[in-house]
Amino acid sequence: MQLDEYLSKMTEQIRYRKIRPQIRDEFEKHILDQQEQFKRNGMDQKDALKMAILEMGDPVSVGAMLDRIHRPKMDWRLLGLVGILSVLGVILQQLLEDGGQVNGALLWMSGVDLSRICLVAVGVGLMLLLCMLDHSFLSKRGWLLYGIFSGITAGHHLFGRSVNGGLGASVLWMYLYIPLYAGVLHQCAKRGGRKRMFLAASAIAVPWLIGGIGSGMSLVVRMNLLVIQLLMLSVVLYQKGTRSCVCFISISWCVGLGAACLKFVLHPYMRHRFLAFFAHGGNMDAGQSRVREILSLAFLRHQPVLNGSAYGDVTSDYVVTGLLQKAGCLPVILLLVVLVFFFIKLVDIIRRQKNQLGTLIALGCTLVFLIQTVEYLLMNFGVLPGMFGTLPFLSAGGHTTLLMYVLAGILLSTYRFQDVTTDYNNVTLVP
Amino acid sequence: MAVEKSLISGSTGMLLKLLSEKDMYGYEMIDTLKQRSNHIFELKAGTMYPLLHALEEQKYLKSYEKEVQGKVRKYYQITKSGRKYLKSKEDAWRDYAKAVEQVLGGTSYAAG
């Protein structure tokens, strides 16, 4: 049997096509090593190769054994957690919208919120679709995708419909820069060279600049993007052994903060808002005042729970506060426990990544979830004013909900196709 | 004590043992095993690679590519959980070997 014939027959047994080139390469190198050994022992080239192939064993049974081992994987635990959060999200939004009252038991009011269920169904569908896609295309077409997305977001900022002076929740789609940036970083890191790494670092400025076009993106979203992208860059620099990465990150932080401060100084609206926050004891808007009142009622005065409709918009935007108001502390604690499990799972996904691209994507997406969640919880506990964060799969809003499912789908893809890319991690991010 | 089926072949334990000493690539493992066992254990590559991949799947090993003398090879490295698993395999093997010795010895040995 010829070498090519053996390898083809063996790899044909492996149904997971994407892993075939790696296995083929490993076996081919082994056969050639064995051939070299036989030649050293006095065999001629042709006989040595023939004997080396024979030593490998039957290609069909070897391929069948490998097929049993190499299967595309699904992270059922993450999927389960997303499922639980999705169901909780539907229930919570229904509860908060109806102004359901707690009198020893939760009461269901009016009909079921079909729009939320449809939104979740679309989100789950998107998530599963993305999960089936091999995420390595983000690296293969890194710059192209980054450029196309930048064009789309620039166009959106220039020509998008402005609502109350801003682009509304649609700016949250800018978080898709994170997985795209992972692709750019990985492509540059793989090809190497200072010039490429400098270009990768410069790419961080793109969403920042685009965010300043037209109606302008929320400064919070821009800062979040900056922080996450800098962290991803620092991981790559650290893996490359660049000692100056700490210095670079520190400088970048200063530049970023400096730019933010400049925006406050130059923009009168931002300046007044910032000053008002401190002038009123960290209390900036009516929503925040209402949240603090609810928390005070719930914890300090133990007054009966009021009908949610008296608080208007607050409860639908403030899932945790609304749940606290309507159902008490225990459901809130349970909700937070589920969220903790969710983040533990995300950290586990980062830890188990075998390659740099997967690590960067998993890290970036996890940081988006984390920053959004922390900001949202601080908002719900009255620490921050009403403009921060989303609670993954639980918050109201079409854009935020779909974005969370898209990021979850990309995360599932990194788990599913973790064996496909062959550039290996030399550094473990999480021990 | 029930004996695991894989103990009878012991290939998994031997591969882990080799890798606990240093990182190796596939051909190197077969060659080292052959030399150290005086040609008693001649593991076929078609048997070894599925074992290695299975161990990697179970996170007992991890792999990386390294260039040595102009050739890029896939090296295997034992993980922390791999070392724990190896220890359990070694303990199980010692119990097994002791039990066999007691039976084949034909006389009763003091326990422990």
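Visitor: How do the axes of H2(B) and helix H5 (residues 80-105) of chain B cross, and within what distance do they come?
Guide: The axes of H2(B) and H5(B) cross at roughly 130° and come within 10 Å. Axes are lines fitted to C-alpha atoms, for helices over the stretch in contact, and angles run from 0 to 180 degrees between N-to-C directions. Helices (H or I, at least four residues) and strands (E, at least two) are DSSP runs, numbered from the N terminus. This is a predicted model, in which local features need pLDDT of at least 70, side-chain atom pairs count only at pLDDT 80 or more, and totals for chains, interfaces and linings use all residues. Residues are numbered from 1 along each chain as its sequence is written, chains are lettered from A in the order in which they are written, and side-chain values use heavy atoms, without hydrogens and water.

Visitor: Why is H2(B) called oblique to H5(B)?
Guide: Angles under 35 degrees count as roughly parallel, over 145 as roughly antiparallel, 65 to 115 as roughly perpendicular and the rest as oblique. The angle is roughly 130°, so H2(B) is oblique to H5(B).

Visitor: What is the hand of the crossing of H2(B) and H5(B)?
Guide: That crossing is left-handed: the near helix is turned anticlockwise from the far one by less than a right angle, whereas clockwise would be right-handed.

Visitor: Which residues of H2(B) and H5(B) meet?
Guide: B:Thr12, B:Gly13, B:Leu16, B:Lys17 and B:Ser20 of H2(B) meet residues of H5(B) including B:Tyr85, B:Leu86 and B:Glu90, where contact means heavy atoms within 4.5 Å.

Visitor: What makes S1 and S2 of chain B edge strands?
Guide: In the open sheet, with order S1-S3-S2 (chain B) and antiparallel pairing, S1 (24-25) and S2 (61-68) each pair on one side only. Pairing requires that DSSP finds at least two bridges between two strands; two bridges join S1(B) to S3(B) (residues 71-78), so this pair qualifies. The bridge partner of B:Met24 in S3(B) is B:Tyr76.

Visitor: Why is H1(A) oblique to H4(A)?
Guide: Helix H1 (residues 3-12) and helix H4 (residues 59-69) of chain A pack at about 40°, with axes 7 Å apart; that angle makes H1(A) oblique to H4(A). The contact involves A:Tyr6, A:Lys9 and A:Met10 of H1(A) and A:Pro59, A:Val62, A:Gly63 and A:Leu66 of H4(A).
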